[in-house]
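This briefing is for a reader new to the structure shown below. Please look at the model first, then read the points grouped by topic.

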Amino acid sequence: MAHASKKSYLAIFGLLALLTALEVGVVYTGVARKLLISALIGLAVTKAFMVGWFFMHLKSDTKTMKATVAIPFFFPALYAFVLIAEAAWRHFQ
Amino acid sequence: MSASVAAQHEDPPDPHGHGGGKVLPADEYGKATNGKIAMWMFLVSDAFSFGGLLLAYGILRSGAHTWHHKFGELGWKYATEPKLGINFTAGLTFLLICSSVTMVLAYAAAVEKNRKQTLLFLGLTILGGWMFLAGQYHEYWGIWHPGLTKEGLILGRSAYASTFYVVTSFHGLHVFTGTMYLLVIFLRTAAGKTDENSIELVGLFWHFVDLIWILVFTFIYLL
């Protein structure tokens with residue numbers, strides 16, 4: 001099965017390490033809470049995607065395989081957003 | 001039963017030209033083996049377990065008036081709860097990323113039929129997993145300084161403590177399972193009983209453990 005080269009695996013590793021350092025750095029910068037939450041979630045999702053796409057080889061899988069993995073997450077993600085938003089809304093009432 | 005309905009119940013011709021009754025995945029899945037599709041199905045269902053736990057954490061935290069309890073504050077009669085150590089856990093995160101790259105290099109070596117390198121990288125991945133578990137033990141119970149349990153973060157005492165222990169220990173259980181799975185594959189590879197597909201399957205599980213930790217690190221430690 002043709003997958004990425006060892007060199008590209010090491011490049012992804014370097015990027016993941018850099019993004020982890022960035023995550024920790026962002027926490028110590030003391031930016032506003034809302035900005036911090038957005039930045040950290042954005043960085044975490046990017047890193048998780050990189051692991052799935054490159055290391056778990058979703059990149060070289062077929063469209064059907066990608067859809068089989070991705071589609072089941074749609075509704076749970078929606079529920080999560082609604083439930084957490086509802087809890088936060090009640091908190092600020 | 002009509003002839004056309006009866007025809008639908010007969011065994012379909014093997015689209016891949018293999019005999020022996022072996023059922024292969026549909027063409028839409030390309031070269032993916034049954035094992036790979038099954039592993040992905042398991043990982044998706046396992047992700048829902050983590051999703052459920054993180055969702056409970058999100059709801060409890062976003063609705064909580066106080067998350068870290070301080071002695072005497074709002075009638076809290078216990079010792080002030082410790083904050084989680086970000087720097088140490090960032091080190092554990094880096095360790096898991098390192099083990100993920102050794103895992104993918106083990107797979108690359110297996111594709112090249114290089115058994116010696118496959119074993120080397122599998123061994124390094126196992127070492128990374130054990131070091132992570134040792135780090136988690138230190139975080140909970142302490143090796144060179146008191147762990148969280150001795151500093152006042154007690155399971156069942158607060159939502160902060162309970163969600164922390166439940167989520168991180170559930171992940172730790174996955175790391176332990178992963179290292180055991182890797183060990184079995186390491187021994188089978190040494191005996192020449194594996195191929196690149198076996199390495200790819202254990203790799204999928206191990207990368208999943210890393211992927212989940214990336215999210216746990218952000219939600220539980222950094223936010």
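At what angle do the axes of H1(A) and helix H6 of chain B cross? The axes of H1(A) and H6(B), the latter spanning residues 196-222, cross at roughly 10° and come within 12 Å. This is a predicted model, in which local features need pLDDT of at least 70 and side-chain atom pairs count only at pLDDT 80 or more, while totals for chains, interfaces and linings use all residues. Residues are numbered from 1 along each chain as its sequence is written, chains are lettered from A in the order in which they are written, and side-chain values use heavy atoms, without hydrogens and water.

**The helix pair**

- H1(A) and H6(B) are therefore roughly parallel to each other, a term for angles under 35 degrees.
- Axes are lines fitted to C-alpha atoms, for helices over the stretch in contact, and angles run from 0 to 180 degrees between N-to-C directions.
- On H1(A), the contact (heavy atoms within 4.5 Å) is made by Thr20(A), Glu23(A), Val24(A) and Val27(A), and on H6(B) by Phe217(B), Thr218(B) and Leu222(B).
- By class, four nonpolar, two polar and one charged residues take part in this contact of H1(A) with H6(B).

**The interface of chains A and B**

- In total, 41 residues of chain A are in contact with 51 residues of chain B.
- The two chains bury about 4100 Å² between them, with 78% of it on carbon and sulfur atoms; buried area is the accessible area (1.4 Å probe) lost on putting two parts together, summed over both.
- There are two salt bridges between chain A and chain B, a salt bridge being a side-chain nitrogen of Lys or Arg within 4 Å of a carboxyl oxygen of Asp or Glu.
- A salt bridge joins the side chains of Lys6(A) and Glu112(B), at 3.3 Å from N to O.
- Helices H1 (6-29), H2 (33-55), H3 (63-70) and H4 (74-91) of chain A each supply at least two residues of the side that touches chain B.
- H1(A) gives the most to that side, with eleven residues.
- The side of chain A that touches chain B has 28 nonpolar, eight polar and five charged residues.

**Salt bridges over all chains**

- The structure holds six salt bridges over all chains.
- Glu86(A) and Arg90(A) meet through their side chains in a salt bridge of 2.9 Å, N to O.
- Both Glu86(A) and Arg90(A) lie in helix H4 of chain A, four residues apart, about one turn of the helix.

Conventions:
Nonpolar A, V, L, I, M, F, W, Y, C, P; charged D, E, K, R; others polar. Parallel < 35°, antiparallel > 145°, perpendicular 65-115°, else oblique.
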